[in-house]
Amino acid sequence: SVIQPHVRQHQPVHRRAPVLVEPFGGLCAGLEMALRNGKRIHQYLYLDINPTARQIALQRIKHLMSLYPTLLTPDAVQGAFDLPQDIKLLTTRHLVDAGAQEQQYPWLVVAGWPCQDLSMAGTAAGLQGERSSLLHELVRVVGALQQLQPHLPPAFLIENVAMQCHPSSHIAQQDFDTICSMIGQPVMLDAAQFGSLAHRVRNWWTNLCTPAELSSAAAQVQRPPGRTVSLALSAGRTAQEVRAADRWPRNCCNVPGQPMQAWPTFVAHPRSYAFLPGEPGSILNSDGTYDQPTADEREIAMGYPQGSTAAPGVSEQQRRHALGESMDSNCTQCIMAI
């Protein structure tokens with residue numbers, strides 16, 4: 001089934017507590033997005049095949065319950081991990097058993113399917129790659145919900161890299177066109193525009209408003225003044241000087257001769273060129289050594305509370321990896337507000 005990108009005007013998502021489903025759930029970015037916008041959650045359902053992500057998610061859910069006790073109750077998260085964690089194994093029967101056919105509450109799907117095969121920092125395998133091809137599974141699930149919920153259609157917010165900017169014409173043209181034929185036209189946004197301390201240029205697809213409406217509203221948002229990466233840095237750590245101005249499609253906030261406002265995009269790979277010693281994303285310690293932003297610093301940069309990924313048994317590198325695969329919290333919050 002093809003996801004219908006058009007807005008259903010009778011869909012009262014803003015009036016009822018939704019059932020929130022997060023395939024490829026990662027850091028529960030969709031859950032935090034909804035709570036920050038004052039949405040009470042009727043039921044939360046999480047899927048992620050990565051056990052480290054699930055370990056982080058378990059702690060994040062507990063923390064969010066403490067922050068938003070009236071919006072996220074124990075009943076809402078009971079059974080949060082009951083669905084198959086591999087989206088390939090998620091069937092219509094599972095959705096029906098979870099209450100998808102009851103039509104009492106609106107369903108909201110928030111998903112950023114794996115981007116490594118479509119990213120400029122990835123494998124360039126394109127939509128045929130093992131990970132990026134999971135888009136087909138996501139479309140299957142949302143399509144099933146649309147068939148189960150004809151009177152109160154599901155809402156969706158889907159994120160991925162700006163593959164239309166990829167140097168490979170096959171990805172930038174053919175794969176991008178194929179994706180748009182499946183889920184509609186996206187709006188491309190950089191998280192730095194919304195106050196984040198790191199660039200994160202991403203495509204966003206949603207049926208909560210039209211692309212033109214989202215693009216027009218987002219264009220009115222100006223980056224808050226005084227947001228420099230020093231706000232995230234621990235004592236004795238200094239960011240690199242800005243040597244080159246930002247260029248489209250990045251938000252043009254970094255200016256040579258001024259303090260760095262946004263780091264390069266955080267990625268899951270530990271040896272990203274942009275964060276090697278002396279490169280724009282590297283940090284100079286007081287002892288003259290170079291380092292990368294820590295997990296704590298990356299969390300602050302992306303709008304997450306410090307320590308969000310510090311779950312028991314999760315290493316520093318695993319935390320950085322999880323953040324590299326996550327949505328930016330500042331950006332998602334603003335999109336939901338729009």
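Arg-237 counts as buried at 14% relative accessibility, where buried denotes under 20% relative accessible area, exposed over 50% and partly exposed the range in between (1.4 Å probe, protein chains only). The model is predicted, so that local features require pLDDT of at least 70 and side-chain atom pairs count only at pLDDT 80 or more, whereas totals for chains, interfaces and linings use all residues. Residues are numbered from 1 along each chain as its sequence is written, and side-chain values use heavy atoms, with hydrogens and water left out.

Because Glu-297 belongs to helix α8 (residues 295-301) and Arg-237 to strand β7 (residues 237-239), the pair ties together parts that are 60 residues apart in sequence. Helices (H or I, at least four residues) and strands (E, at least two) are DSSP runs, numbered from the N terminus. Glu-297 is buried, with a relative accessible area of 1%.

The structure holds 13 salt bridges. Among them is the contact between the side chains of Glu-316 and Arg-320 (2.8 Å, N to O). Both residues lie in helix α9 (residues 316-324), 4 residues apart, about one turn of the helix. Glu-316 is partly exposed at a relative accessible area of 33%, whereas Arg-320 counts as buried at 12% relative accessibility. Through shared partners, salt bridges join Asp-296, Glu-299, Glu-316, Arg-319 and Arg-320 into one network. A further salt bridge links the side chains of Glu-137 and Arg-140 (2.9 Å, N to O); these residues are 3 apart in helix α5, about one turn of the helix. Arg-140 is partly exposed, at 32% relative accessibility.

An open sheet is formed by 6 strands in the order β2-β1-β3-β4-β6-β5, with mixed pairing; two strands pair if DSSP finds at least two bridges between them. Strands β2 (43-46) and β5 (187-190) stand at the edges with a single partner strand each, so one side of each is left without a neighbour in the sheet. Neighbouring strands are turned by 20° against each other on average, direction ignored. Strands β3 (residues 107-112) and β4 (residues 155-161) run parallel and are joined by 5 bridges. Gly-112 stands opposite Glu-159 in β4. Strand β4 also contains Ile-158, which is buried with a relative accessible area of 0%. The C-alpha atoms of Ile-158 and Glu-137, 21 residues apart along the chain, are separated by 13 Å.

Helix α5 (residues 135-148) lies across β3 and β4, running at about 175° to β3. Axes are lines fitted to C-alpha atoms, for helices over the stretch in contact, and angles run from 0 to 180 degrees between N-to-C directions. Helix α1 (residues 29-36) lies across β1 (19-22), β2, β3 and β4, at about 145° to β1.

Helix α1 also packs with helix α10 (residues 329-337) at an angle of about 50°, their axes being 9 Å apart. This makes α1 oblique to α10, given that angles under 35 degrees count as roughly parallel, over 145 as roughly antiparallel, 65 to 115 as roughly perpendicular and the rest as oblique. Ala-29, Glu-32, Met-33 and Arg-36 in α1 meet Ser-329, Asn-330, Thr-332, Gln-333 and Met-336 in α10, contact being defined by heavy atoms within 4.5 Å.

How values were computed:
A salt bridge is a side-chain nitrogen of Lys or Arg within 4 Å of a carboxyl oxygen of Asp or Glu.
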